[in-house]
Amino acid sequence: MTAPVLRVEDLSVEFATREGTVRAVRGVGLEVHAGRTLAVLGESGSGKSVTAQTIMGLLDMPPARITSGSIVYDGTDLVTADERTRMRVNGEGVAMVFQDALSALNPVYTVGHQLGELLRVRRKLSSSAARAKAVELMERVRIPAAASRVDDYPHQFSGGMRQRIMIALAVALDPRVLIADEPTTALDVTVQAQIMQLLKELQHENGMGLVLITHDLGVVAEVADDVVVMYAGRIVERGTAEELFERPAHPYTRGLLRSMPRPDREDDELWAIPGAPPSPVHAPGGCAFHPRCDTAIERCRSDRPVLVPVAPGRASACHLRQEVFDASA
Ligand code: SF4
């Protein structure tokens with residue numbers, strides 16, 4: 001594999017709240033490679049979206065605070081980069097698609113204006129060239145009759161079409177990395193599939209690295225090359241999607257896979273991991289997953305497991321990682 005386009009190392013982020021300090025992201029490391037899709041998988045509160053927002057520099061600091069780590073894009077650490085560098089990288093280097101297109105788009109401007117403004121400011125295009133490019137971008141994200149819809153407002157588009165416009169905004173400056181944070185959650189199943197298909201097509205066209213933030217194992221199975229699984233702010237397992245689905249090495253991943261509806265399974269009763277994710281303010285000691293883990297041992301209550309390789313390209317943060325890995329063979 002070639003060198004990563006984006007490398008996050010030992011990233012920790014916390015928030016000061018009235019209830020106490022929320023340690024939202026703890027020692028996270030990941031790599032994004034050109035042309036590959038990395039899924040960051042986890043339940044709500046696992047730290048996956050905060051990781052994405054930190055990469056994009058979108059968190060308000062304070063109350064958020066980066067307490068350790070680096071985010072290196074093209075040799076530049078974005079954690080310590082000045083405002084100008086950060087602004088250049090955002091959009092051209094790394095761009096993001098959000099879950100809710102309606103609140104991300106400005107309701108008072110036409111979509112053509114919003115696309116054109118970005119191109120006028122960042123690419124220094126004339127008004128007419130920016131408008132032509134806006135239509136081109138709308139065509140690129142497969143919006144039918146783009147030339148006649150460029151002067152429409154966001155509310156005049158369906159949810160799926162709005163999401164396409166947000167994707168057009170994100171890819172307007174040809175980023176090398178696109179982060180998509182739950183990009184299909186608000187959409188119905190058919191439209192979800194179309195949006196994922198579009199993201200893959202755009203990736204195929206320009207070879208960008210795609211980071212997919214999701215809680216949806218079905219989406220991961222469909223599009224991801226690599227996966228990191230997050231729980232309580234930490235990465236608990238990593239590997240290629242194929243291997244991880246085939247042979248999980250962490251009880252949490254194993255539980256997620258077991259709770260995934262599968263038409264090939266005879267017992268169609270849906271299973272769920274017992275309990276709920278821990279409070280981000282009062283995470284349990286030892287392994288944060290121990291109150292929900294069906295294989296926990298005494299040590300899990302006191303000793304925090306670290307991410308350790310179990311096989312080439314695979315790692316798990318579990319005291320019983322080898323047993324879990326061997327048992328799922
Ligand atoms: Fe379960 Fe213990 Fe492994 Fe945590 S370390 S996942 S509690 S077996």
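1. Lining of the largest cavity. In this predicted model, the lining of the largest cavity is made up of nine nonpolar residues, four polar residues and no charged residue. The structure holds one cavity of 30 Å³ or more. The 13 residues that line the largest cavity include Pro251, Cys287, Cys293, Cys300 and Cys318, which are the closest to its centre. The largest cavity contains about 80 Å³ of space.

2. The ligand. The largest cavity is the space that the ligand takes up. Around the ligand there are 13 residues, and the closest of them are Cys287, Cys293, Cys300, Cys318 and His319. By class, the shell around the ligand has nine nonpolar and four polar residues, with no charged residue. For the reader inspecting this site, Cys287, Cys293, Cys300 and Cys318 are among the residues closest to the ligand, and these four cysteines are also among those closest to the centre of the largest cavity. His319 belongs to the closest residues around the ligand, while Pro251 belongs to those closest to the cavity centre.

3. The largest pocket. The volume of the largest pocket is about 530 Å³. Its lining consists of 21 residues, and those nearest the centre of the pocket are Met56, Asn90, Gly91, Phe98 and Leu118. Two or more lining residues come from each of helix H2 (83–92), strand E6 (94–97), helix H4 (111–123) and helix H7 (159–171). Of these, H4 gives the largest share of the lining, with four residues. In the lining of the largest pocket, 15 residues are nonpolar, five are polar and one is charged.

4. The UniProt record, an unreviewed entry, carries the annotation "domain: ABC transporter" for residues 6–257.

5. Backbone at Asp10. Which residue of strand E1 calls for comment here? Asp10 lies in strand E1, which spans residues 6–17. Its phi is near 50°, a positive value in a residue other than glycine. Asp10 has 46% relative accessibility and therefore counts as partly exposed.

6. Backbone at Arg142. A positive phi, near 60°, is also found at Arg142, a residue other than glycine. Arg142 is placed in the loop between helix H5 (127–140) and helix H6 (146–149). Is Arg142 buried, partly exposed or exposed? The relative accessible area of Arg142 is 33%, so this residue is partly exposed.

7. Glu246 is part of helix H10, which covers residues 241–246. With a relative accessible area of 64%, Glu246 is exposed, because the cut-off for that class is over 50%. What separates Glu246 from Ser328 in sequence and in space? The two residues are 82 residues apart in sequence, and their C-alpha atoms are 7.9 Å apart in space.

8. Val135 is located in helix H5. Its relative accessible area is 15%, and Val135 is therefore buried, since buried means under 20%. Between Val135 and Pro274 there are 49 Å in space, C-alpha to C-alpha, and the two are 139 residues apart in sequence.

9. Points to check in the viewer. The reader may wish to look at the ligand shell, where Cys287 and His319 are among the closest residues. The lining of the largest pocket can be viewed from H4, the helix that gives four residues to it. Asp10, with phi near 50°, and Arg142, with phi near 60°, may be viewed in turn.

Conventions
Residues numbered from 1 in each chain as written. Predicted model: local features only at pLDDT ≥ 70, side-chain atom pairs only at ≥ 80, totals over all residues. Heavy atoms only, no water. Near = heavy atom within 4 Å. 1 Å grid on protein atoms, 1.4 Å probe; cavity = no way out; pocket = protein on both sides within 12 Å on 5 of 7 lines; lining within 4 Å. Sits in = over half its atoms within 2 Å of the grid points. Nonpolar A, V, L, I, M, F, W, Y, C, P; charged D, E, K, R; others polar. UniProt positions renumbered as here; feature names shortened; annotations may be inferred. Buried < 20%, exposed > 50% of the residue type's maximum accessible area, 1.4 Å probe, protein only. Points joined across faces, edges and corners; volume = space filled by probe spheres on them.
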